[in-house]
Amino acid sequence: MADTAVGATAVDGAGAPLTPVLTRRWAAPESWTLASYRELGGYRALPKALGVEPARVTELVKASGLRGRGGAGFPTGMKWSFLPPFDPAAPTPRYLVINADEGEPGTCKDIPMMMADPHSLIEGAIITSYAINAPFCAIYVRGEALHCLRRLAGAVREATAAGYLGRDILGSGYDLEIVVHAGAGAYICGEETALLDSLEGRRGQPRLKPPFPAVAGLYASPTVVNNVETICSVPPIVLHGADWYRSMGTEKSPGSKIYSLSGHVTRPGQYEAPMGTTLRQLLDSAGGMRDGIPLKFFTPGGSSTPIFTAEHLDVPLSFDDVAAAGSMLGTTALMCFNETVSVPWAVWKWLEFYKHESCGKCTPCREGTGWLVQILHRIVTGDGTAEDLDTLTSAAANIAGRSFCALGDAAATPVLSSFKWFRQEYEDLVTGVTPPLVGDRALGAGTVGTGTSTVGAHR
Amino acid sequence: MSHTEGRIGVPVFLETGQVFDELTHRRAEEIVGRYPVARSALLPLLHLVQSVEGCVSQPGIDFCAEQLDLTAAEVSAVATFYTMYKRRPCGEHLVSVCTNTLCAALGGDAIYSTLSAHLGVGHEETTGEPAEAGAPGTITLEHAECLAACDLAPVLQVDYEYFDEQTPDSALDLVLALQAGGSPTPTRGPALRNFRTAELEIAGIFPDADERVAGPSLAEPTVRGVRDAERTGQHAPPGDDVPIPPLPEK
């Protein structure tokens, strides 16, 4: 890609080392069918797991170092082992709930996964349910992901007919039911306790922790909640072992990871590579920045993770390395924005999202997101004052750490992190020195979030 | 509907006059039977109601309450929380345009304004007379939050099927086709039907499952990484079938 201009972010080394493990079946013909899945090695991990006692599966996943792919990076095997000791005589069963409510802005890995390779999630769900002795598993899918719901329901039907699900799975004596459950359009339900309330047929509002779901989750029973990509990582680990898994990635963040590149990138898409791959490498694989316009800022893992700039192109994208550099790995949703994009405009649009999605349970988030939107709107439309900048950061700082769940923190993040790197842009806007930045040429030149944009019309 | 007639405060638009038939009752029972605790069926049941009524109507709320032995207030509290439950009857088609930051920067805002100007409606508004809501060619427009297809931005959905990599022109063509009674093929997903049949599937009832499941899903950006790997001979470290180790001794 030597001829691809990327301006200040010139990429010249090798691209990302591509290691398709989770994505390897995605381009196969009729990849979503049981026949295709089996032909490509599917349902081989399941009999192997069923052949050992459940605790050994948990121990294996612990040894693999797999960390949750939903954003927080909590060690998966450890999460499973936090369930109280299994007691067949316990009054309530244990549950596995899969968080497939993908909605974090920038995140777009689980939906293609479920669409292209639903059996991979089903096999992972059966193995995980077995490992934690759960007789029932719910996959909570974002309601808008209709084609995923279809594919998953189809996979459950096929797996049941083949004897991988239902009573006495493959003659092991183990019974499991999986229900594919649709949400109804609420980002907050990606928060695990809000998801549980929603799955119980209530408003999706987060619960106070403790008790954690491992102790009192779905129907107040011991519950494991894992992300789609996490569960899909389980069958390959069962098949090839912990050492194989650890041969990819970094010591503290092992394994293969789906990196989702979007934005002003020549070839956006899903690139699976070992944990610790850098954006520079990924951009090189993706043909660099589009139209030769340099990278201005990016999110390492969705809009809720502090933004990075071109200075951070070489940060290894692993949980610990990104944290050490001042952000969070999140969902490795790499939204890349070029020099034409106004940072205050981008932040205002994100805040419109958080305001809309705030569940209303706690005051800092419910009221605070509304105020942040109003102030940002003033600034972006040229009516802001110098005082607004202080009010904005002060309001954001008063939401962060004071809200009931992480949504409030997430809402403050774009504001606070953009001030860290791009304060001057806010100052230019309130002092009238407005550079002609736009989201894209499509928005019309010389306007900042106005013109054909939706100032004042958005909800 | 007689059981809501004369109720104070029930807006006329909620009185769609539809009766939930035998089939809907059977489907509701089937949905409730999937869960260890009946109330878990409330979200799917509200989708089921929308598949019949085109929105969550007052009779729909009463229907859910009856199925689950809840009060109408408990059901309303849930129905009003979620974006996908519509309080006014949806058009034949629901067009949801992502205007979150990334899509907006790549043209999502322009797509939304183009459609809004063409249809003459704003967020959560429907073309045509209210009495005709759901009639052929009617369209409800909405801003959508991130639709989790950012590598395919800018995106929109019609009846929750993906139309990826749109432009204002392609989106306008799409909407013109919908208004003319066409059934455009999504980028990912089977041929469009309408909002109500989409809601039935979201409720977990899949008529014509085999045909619908096979609708396309493969978008070029989705498989770029895996195809690049294949083309350049890259792969994950080869793995043997390694036995699961015994538990460590305590």
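Visitor: Hi! Where does A:P210 lie in chain A?

Guide: A:P210 sits in the loop between α8 (192-199) and β4 (223-227) of chain A. Helices (H or I, at least four residues) and strands (E, at least two) are DSSP runs, numbered from the N terminus. Before we go on, this is a predicted model, where local features need pLDDT of at least 70 and side-chain atom pairs count only at pLDDT 80 or more, while totals for chains, interfaces and linings use all residues. Residues are numbered from 1 along each chain as its sequence is written, and chains are lettered from A and ligands numbered from 1 in the order in which they are written.

Visitor: Thanks. What kind of peptide bond joins A:K209 and A:P210?

Guide: That one is a cis peptide bond, with omega about -5°. A cis peptide bond also joins B:A153 and B:P154, with omega about -10°. B:P154 is in the loop between β3 and β4 of chain B.

Visitor: Let's switch to annotations. Where does UniProt place the feature "binding site"?

Guide: The unreviewed UniProt entry puts it at B:C98, B:C103, B:C146 and B:C150. UniProt positions are given in the numbering used here, feature names are shortened, and annotations may be inferred rather than shown by experiment.

Visitor: And how many residues do they span in sequence?

Guide: They span 53 residues, yet no two of their C-alpha atoms are more than 9.7 Å apart, so they gather at one spot.

Visitor: Is B:C103 buried or exposed?

Guide: Buried, because B:C103 has 31 C-beta neighbours inside 10 Å. The rule is that a residue is buried if 20 or more other C-beta atoms lie within 10 Å of its own, exposed if 12 or fewer, and partly exposed in between, with C-beta atoms placed from the backbone. B:C103 belongs to helix α5 (residues 101-119) of chain B.

Visitor: Which residues is B:C103 in contact with, leaving aside neighbours within four places in sequence?

Guide: Those are B:C98, B:G108, B:A153, B:P154 and B:V155. "In contact" means that the C-beta atoms of two residues, placed from the backbone, lie within 7 Å.

Visitor: What about B:C146, where does it lie?

Guide: B:C146 is in the loop between β3 (139-144) and β4 (156-158) of chain B. With 29 C-beta neighbours inside 10 Å, B:C146 is buried. Leaving aside neighbours within four places in sequence, B:C146 is in contact with A:G103 and A:P105 from chain A, and with B:C98 and B:N100 from chain B.

Visitor: Which value of phi does B:A148 have?

Guide: Phi of B:A148 is near 60°, a positive value in a residue other than glycine. B:A148 is placed in the loop between β3 and β4 of chain B, and counts as buried with 28 C-beta neighbours inside 10 Å.

Visitor: Back to chain A. What is phi for A:L170?

Guide: A:L170 has a positive phi of about 50° although it is not a glycine. A:L170 lies in the loop between α7 and β3 of chain A, and is partly exposed, with 15 C-beta neighbours inside 10 Å.

Visitor: And A:D175, what does it touch?

Guide: Not counting residues up to four places away in sequence, A:D175 touches A:P135, A:R167 and A:D168. A:D175 is in the loop between α7 (146-161) and β3 (177-182) of chain A, and counts as partly exposed with 13 C-beta neighbours inside 10 Å.
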